Amino acid sequence: MEKQKRTRLPKETQDYIIKMIQEEGVKVREMSRKFEVGESTIHRWLKILRDQEKQNSNGSKFITTKDHEKMQAQFQKELHALKEENEILKKAMHIFAKNQE
């Protein structure tokens, strides 16, 4: 009986599989079948990534693309509100300066 030769997937493909699972919610089983990789292998990649993130983060949370987009939208909303507030204050300051003259 001949052993089946294992082929290594390129790092880009591994990263893509992990991204699809983490960010897009694709099932491990689906990616396993699509790329002909064992589910246990994908689970191992995910565990390695989580362990690396824990070591690198020192307690900070991993941010997904969706979380980043939400945070960016919130930031833009707050920035817009602050700019409006600043314009109102400038106008008020101009009015008060005229009244003192």
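Student: Is Val26 buried or exposed?

Tutor: In this predicted model, Val26 is buried, with a relative accessible area of 16%. The cut-off for that class is under 20%, so Val26 falls within it.

Student: And where does Val26 lie?

Tutor: Val26 is in the loop between α1 and α2.

Student: Which residues is Val26 in contact with, leaving aside its neighbours within four places in sequence?

Tutor: With those neighbours set aside, Val26 touches Met20, Ile21 and Met31. Met20 and Ile21 also belong to the α1 side of the contact between α1 and α2, and Met31 belongs to the α2 side.

Student: Let us turn to that helix pair. At what angle do α1 and α2 pack, and how far apart are their axes?

Tutor: The packing angle is about 150°, and the axes of α1 and α2 are 9 Å apart. The two helices are therefore roughly antiparallel to each other.

Student: What is the handedness of the crossing, left-handed or right-handed?

Tutor: The crossing of α1 past α2 is right-handed. On the α1 side, the contact is made by Thr13, Tyr16, Ile17, Met20 and Ile21. On the α2 side, Val28, Met31, Lys34 and Phe35 take part.

Student: Tyr16 and Phe35 are both in that list. How many aromatic pairs does the structure hold?

Tutor: There is 1 aromatic pair in the structure. It consists of Tyr16 and Phe35, whose ring centres are 6.1 Å apart and whose planes stand at 70°, so the arrangement is edge-to-face.

Student: Which parts of the chain does this pair tie together?

Tutor: Tyr16 is in helix α1 (residues 11–24) and Phe35 is in helix α2 (residues 28–35), so the pair joins parts that are 19 residues apart in sequence.

Student: What is the relative accessible area of Tyr16, and how does Phe35 count at its relative accessibility?

Tutor: Tyr16 has a relative accessible area of 37% and is partly exposed. Phe35 also counts as partly exposed, with a relative accessibility of 24%.

Student: New topic: charges. How many salt bridges does the structure hold?

Tutor: The structure holds 4 salt bridges. Among them is the one between Asp15 and Lys11, where the closest N and O atoms are 2.9 Å apart.

Student: Where do Asp15 and Lys11 lie?

Tutor: Both residues are in helix α1, 4 residues apart, which is about one turn of the helix. Asp15 counts as partly exposed at 36% relative accessibility, whereas Lys11 counts as exposed at 52%.

Student: Which salt bridge links distant parts of the chain?

Tutor: One that does so is the bridge between Glu39 and Arg29, with the closest N and O atoms 3.3 Å apart. Glu39 is in helix α3 (residues 39–57) and Arg29 is in helix α2, and the two are 10 residues apart. Glu39 is partly exposed, with a relative accessible area of 30%. Arg29 is partly exposed as well, at 47%.

Student: Which residue forms a salt bridge with Lys47?

Tutor: The partner of Lys47 is Asp51, and their closest N and O atoms are 2.9 Å apart. These residues are 4 apart in helix α3, so about one helical turn separates them. Lys47 is partly exposed at 45% relative accessible area, and Asp51 is partly exposed at 32%.

Student: Now the backbone. What is the phi of Glu36?

Tutor: Phi of Glu36 is near 55°, a positive value in a residue other than glycine. For context, most residues other than glycine have a negative phi.

Student: Where is the place of Glu36, and how does Glu36 count at its relative accessibility?

Tutor: Glu36 is in the loop between α2 and α3. With a relative accessibility of 75%, Glu36 counts as exposed.

Student: Finally, the overall picture. How many helices and strands are there in the protein chain?

Tutor: The protein chain has 4 helices and 0 strands, and its elements run α-α-α-α from the N terminus on.

Student: What percentage of the residues count as buried?

Tutor: Of the 101 residues in the protein chain, 18% count as buried.

Student: And what share of the contacts with a separation of 6 or more comes from residues 24 or more positions apart?

Tutor: Such residues account for 38% of those contacts in the protein chain.

Terms used: Residues are numbered from 1 along each chain as its sequence is written. This is a predicted model: local features need pLDDT of at least 70, side-chain atom pairs count only at pLDDT 80 or more; totals for chains, interfaces and linings use all residues. Side-chain values use heavy atoms; hydrogens and water are left out. Rings of Phe, Tyr and Trp (its six-membered ring) pair if their centres lie within 6.5 Å; planes under 30 degrees apart count as stacked, over 60 as edge-to-face and the rest as tilted. Buried means under 20% relative accessible area, exposed over 50%, partly exposed in between (1.4 Å probe, protein chains only). A salt bridge is a side-chain nitrogen of Lys or Arg within 4 Å of a carboxyl oxygen of Asp or Glu. Axes are lines fitted to C-alpha atoms, for helices over the stretch in contact, and angles run from 0 to 180 degrees between N-to-C directions. Angles under 35 degrees count as roughly parallel, over 145 as roughly antiparallel, 65 to 115 as roughly perpendicular and the rest as oblique. A crossing is left-handed if the near helix is turned anticlockwise from the far one by less than a right angle, and right-handed if clockwise. Contact means heavy atoms within 4.5 Å.
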